[in-house]
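Please keep the structure open as you read.

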Amino acid sequence: MAVSVVLMLFCNLNAVVFGFEFKTIYCTLTDSCECDFKPNMRGLEWDLYKNLYGQHLAQNIVSESVGNFLQKENPEQPLVLSFHGASGTGKSMVSSMLGRHLYGTAMGSPFIHQFVPTLHFPLPDRQQQYKLNLKRWIEGNLTSCGRSIFIFDEMERMPPGVIDVLEPFLGPSHVVYQTNYRKAIYVFISTTGQEVIHKVTMEMRNAGHDREEIQLQDLDEQLADAAFNTNNTGFYHSKIISLKLISSYVPFLPLCQHHVRRCAQRELCQRGECHRVDVAEEVSKAMCYTSNDGQQFSCTGCKQVPAKVNVYL
C-alpha cells in the first residue's frame, strides 16, 4: 500500500489508541520527520570562503566533511566535528553557518540544539544527573528528528565524564527507536588545544613556511592528545576520543592584525559603512596582541571587534 494511503488511514484514527502522535507515525513511515532540512552546500562553502578569515584548515575540513556526509543516503555513523582554537577565531561563527545553510536559520531551528556548560551543567557534583538528562535530551530530539544538530559549546568547562553518555549515539551500532540516528551532526567547541595550535603555527613560520602551508596532519594527533589529557575538561580521558568517534578535529589558527582588520571591515559593511576603511585600520591597531619571535597574534581574535567599531565609528 502506498505511503500516502497509509497516512490517510492513520489520520482517521485516534492517535491515543496507538500510543503515537501523527508526527511520530509519519516519521516512522517516511523517515522524513518533517525536519525542514534544507542543505545548501554551495552557500556554506561561499560563506566560509567569504567571511571566515585566516582559517584555511577550518574552511577545507568543514566543507569537505559536511559535503561528504550529506552525500551518503545512509551514513555509517553521525558526523562529529571538534572545533579547537583560541577565543574569537571563528568557532561559534562556523557553527552558526552550519545552522544557516543546513536549516535556513542561524540557530533558530527547533532541530538545532545548543548546550552550554555554565547553563546546562553548572555543578560538578551532579555529574550522574547531568548524564541522565543529556541521554534523555539526545534520545528525545533524535526521535523527533534524525537530522538533528547538537552543538556543545565551551567543552573546556564541561564536567569530565558527562559527555561520555553520548558514546553509544556516535558509533555505528547503536539504535534509536524510530529514527536513523546516524544522520545527526555533533559539533564540539573548545579552547582546549589552543597552545598546541599556537606552537605549531610559530614553528611553521620559523621554518620559513607560509601560514597556508599548515596541514591537518601537523595538528590532528596533537589536538586529540591535548583534549584527552587536559584535566577538568569535558574531553578528559573521554571514550569519545579513545574510541576514535570524532570524525574530524578542526583547528582554528591564531589571527594576525590583517585578519582583525578584515573582521572590522566586515562589521562596518554590515552597518552600511563599507567606505570607512580608516575605522577598520584604527580598530585593528587598537586591539591587544601577543608577540612571539616578531609574530603578533590577536589576544581575543575578532571577538571584541564590534565593540571597538562602536568606539571609533
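## One face of α11

Which are the buried residues of helix α11 (residues 220-229)? They are L223, A224, A226 and A227, where buried means under 20% relative accessible area, exposed means over 50% and partly exposed lies in between, with a 1.4 Å probe and protein chains only. Viewed down the axis of α11, these buried residues fall within an arc of 165°, so they line one face of the helix. The arc is taken from the directions that run from the helix axis to the C-beta atoms. An α-helix has 3.6 residues a turn, so residues three or four places apart point the same way.

The cover over the buried residues of α11 includes β1 (79-85), α10 (194-206), α12 (239-242) and β5 (248-252). Contact here means heavy atoms within 4.5 Å.

## The model as a whole

This is a predicted model, in which local features need pLDDT of at least 70 and side-chain atom pairs count only at pLDDT 80 or more, while totals for chains, interfaces and linings use all residues. Residues are numbered from 1 along each chain as its sequence is written, and side-chain values use heavy atoms, with hydrogens and water left out.

The protein chain has 15 helices and 7 strands. Helices (H or I, at least four residues) and strands (E, at least two) are DSSP runs, numbered from the N terminus. Of the 313 residues in the protein chain, 47% are buried. Among contacts between residues at least 6 apart in sequence, 73% join residues at least 24 apart.

## G85 in strand β1

G85 sits in strand β1 and, with 0% relative accessibility, counts as buried. Leaving aside neighbours within four places in sequence, G85 is in contact with K91, S190, T191, Q194, I197 and F252.

## Two helix pairs

The axes of helix α4 (residues 41-51) and helix α6 (residues 91-103) come within 9 Å and cross at roughly 150°. Axes are lines fitted to C-alpha atoms, for helices over the stretch in contact, and angles run from 0 to 180 degrees between N-to-C directions. α4 and α6 are therefore roughly antiparallel to each other; angles under 35 degrees count as roughly parallel, over 145 as roughly antiparallel, 65 to 115 as roughly perpendicular and the rest as oblique. On the α4 side, G43, L44, D47, L48 and N51 meet M93, V94, M97, L98, R100 and H101 of α6.

Helix α13 (residues 257-270) and α14 have axes that come within 8 Å and cross at roughly 135°, so these two helices are oblique to each other. Q257, V260, R261, A264, Q265 and L268 in α13 meet V277, V279, A280, E281, V283, S284 and K285 in α14. In helix α14 (residues 277-286), the buried residues are V279, A280, V283 and S284. They cover an arc of only 135° around the axis, which puts them on the same side of α14.

## Two loop residues with positive phi

E154 has a positive phi of about 50° although it is not a glycine. E154 lies in the loop between β3 (149-152) and α9 (167-170) and is partly exposed, with a relative accessible area of 23%.

N232 is also not a glycine, and its phi is positive at about 55°. N232 is found in the loop between α11 and α12, where this residue is exposed, with a relative accessible area of 63%.
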